Amino acid sequence: MRTLSFADLGLPPEIQRAVSDLGFEEPTPIQSLAIPLLRDGKDVIGQAHTGTGKTAAYGIPIIEAVNHAIRKPQALVVCPTRELAIQVSEELRKLAKYRKGIAILPVYGGQPIERQFHAIRAGVQVVIATPGRLLDHLDRRSIDLSEVRTVVLDEADEMLDMGFRDDIEAILKRIPGPRQTVLFSATMSREILDLAARYLKDPRTVQVMHDKLSVPKIEQSYFEVRESGKIDVLSRIIDLYDPRLTLVFCNTKRRVDEVAGHLQARGYLAEGLHGDMNQSQRERVMGKFRTGGIDILVATDVAARGIDVEDVDIVVNYDVPQDPEYYIHRIGRTGRAGKEGRSFTFVSGREMWKLREIQRFAKTRIAQQAVPKPHEITLRKAELLTERVRRMIEDQDLGPATLRVQQMMGEEYTSLEVAAALLRLLSGDGQKSDK
Ligand code: ADP
Ligand code: MG
């Protein structure tokens, strides 16, 4: 599916480091296709679904190209809303973290324009603007776009839908060039192609589309859960379903370490697997998972590709995957060989749209499920325990343990009392725990 790694891209070390800090393990498909073209100075039309990392796809080449010694905007990103302008600025700032002296400024309506005058005069290299406010600055001559070498129209479809076509054209006409013009959009339309035909030179088209996906027939559901509540819900699911093997997916390496750490602290046999680990470390963890030394494996998409473990009972998407294709790959880890499998996806409020996208593109239905309540867990744990007790009585030699119970009965307890106390102790019910 993808061909390049971040290392293959040969990014400057400052950017490579920033990308690692962000926890990105591998370029998303649109990044791996668009970054080389953009670094090469080509005009590009990029289409990929929402949430597939288009910001870094243009952000990385921009941050790489701008010159801190020139204190005028050299890259301009035009996007439809103030929220997006802020969000894009934040992501670009993270990417520029180790590039000294690069200033990135969002410019949008609703903020006092005088404050923006000041910030622009102080010297910025990258401007992320909404169309109306940018034109306002251009009319007042408070922004100088003469050094702009790259213009990105982000969410071009949205901007056209919002009626910004004339504004966009007015902006493009006021950037003298030679310039690189880039257009990103989640969807394509006649109008977008028309705009591209008029303002892009010999554009390359990069598209990441999904069509031939086949979704494994397993039970898929999702929980709506706050970020801070995810670890608790994960514990509850594991307690409730008592899976033999669980695979937990996170979007970044840092998350993998975090989640594996939290699970260990809660007493689960869990370990993380990601691309920062060397081959022998990875093999050790995989071996443990295969042989039952651990029963929960927390992994990134990339690391999980090397896993060949059948019989994973539950797949948990701790983060909603970046790409519908990842979703299919992830949940395909369970329900193999006609076995029953289940997948659970954790969705925090602002990720709902990503889940909708996945359902649309994967043509699958993911049902909402209520987060299990603590008393259900307690009940379930007791049930599971009873079941284990039954099995143990039937299958094992209980001689020495029987002797110990007999001793307790000598202290005037009935066998029924001893058993009930043990059951309660083991199911965690007697310890006033919070589960
Ligand atoms: P789009 O613009 O395509 O809708 P964004 O650029 O907003 O998507 O990216 C969505 C999320 O994915 C962001 O949180 C971003 O930090 C993250 N992301 C981007 N690239 C990667 C990557 N290579 N690996 C992991 N996460 C990534
Ligand atoms: Mg975007």
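Which are the buried residues of α16? They are Met352, Lys354, Leu355, Glu357, Ile358, Gln359 and Phe361, and one of the views below is given to them. This is a predicted model, in which local features need pLDDT of at least 70 and side-chain atom pairs count only at pLDDT 80 or more, while totals for chains, interfaces and linings use all residues. Residues are numbered from 1 along each chain as its sequence is written, chains are lettered from A and ligands numbered from 1 in the order in which they are written, and side-chain values use heavy atoms, with hydrogens and water left out.

**View 1. The whole chain, to get our bearings.** The chain has 19 helices and 14 strands (DSSP runs numbered from the N terminus: helices are H or I with at least four residues, strands E with at least two). Its C-alpha trace spans about 95 × 45 × 40 Å along the principal axes. Of its 435 residues, 50% count as buried (buried is under 20% relative accessible area, exposed over 50%, partly exposed in between, with a 1.4 Å probe and protein chains only). The accessible surface comes to about 21600 Å², and 50% of that belongs to carbon and sulfur atoms (Shrake-Rupley method, 1.4 Å probe; for residues, only the protein chains shown count as cover). Take the contacts between residues at least 6 apart in sequence: 76% of them join residues at least 24 apart (a contact is heavy atoms within 4.5 Å).

**View 2. Helix α16 and its cover.** Here is the helix from the opening question, spanning residues 352-361 and mostly covered, with 7 of its 10 residues buried. The cover over these buried residues includes β8 (219-224), α15 (324-331) and β13 (342-347). After α16 comes lysine 363, with a positive phi near 45°.

**View 3. Arginine 330 in helix α15.** Follow α15 to arginine 330, which lies in this helix. Arginine 330 counts as buried, at 1% relative accessibility. Leaving aside residues up to four places away in sequence, arginine 330 touches Phe249, Cys250, Asn251, Asp301, Val315, Asn317, Asp319, Val320 and Pro321. Cysteine 250, one of these partners, is buried too, with a relative accessible area of 0%.

View 4. In α10 (residues 190-199), Ile192, Leu195, Ala196 and Tyr199 are the buried residues. They sit on the same side of α10 because they cover an arc of only 100° around the axis (the arc is that of the directions from the helix axis to the C-beta atoms). Turn to the other side of α10 and you will find Arg190 and Ala197 exposed. The buried residues pack against β1 (44-48), β5 (150-153), α8 (156-161), α9 (165-173) and β6 (180-185).

**View 5. A nonpolar patch on the surface.** Val389, Ile393 and Leu423 form this patch, with about 240 Å² of accessible area together. Patches are made of residues with over 30% relative accessible area and no salt bridge, like charges being joined within 9 Å and nonpolar side chains (Val, Leu, Ile, Met, Phe, Trp, Tyr) within 5 Å; a salt bridge is a side-chain nitrogen of Lys or Arg within 4 Å of a carboxyl oxygen of Asp or Glu. Isoleucine 393 belongs to helix α17 (residues 374-395) and counts as exposed at 56% relative accessibility.

View 6. Glycine 410 has its place in helix α18 (residues 399-410) and is exposed, at 61% relative accessibility.
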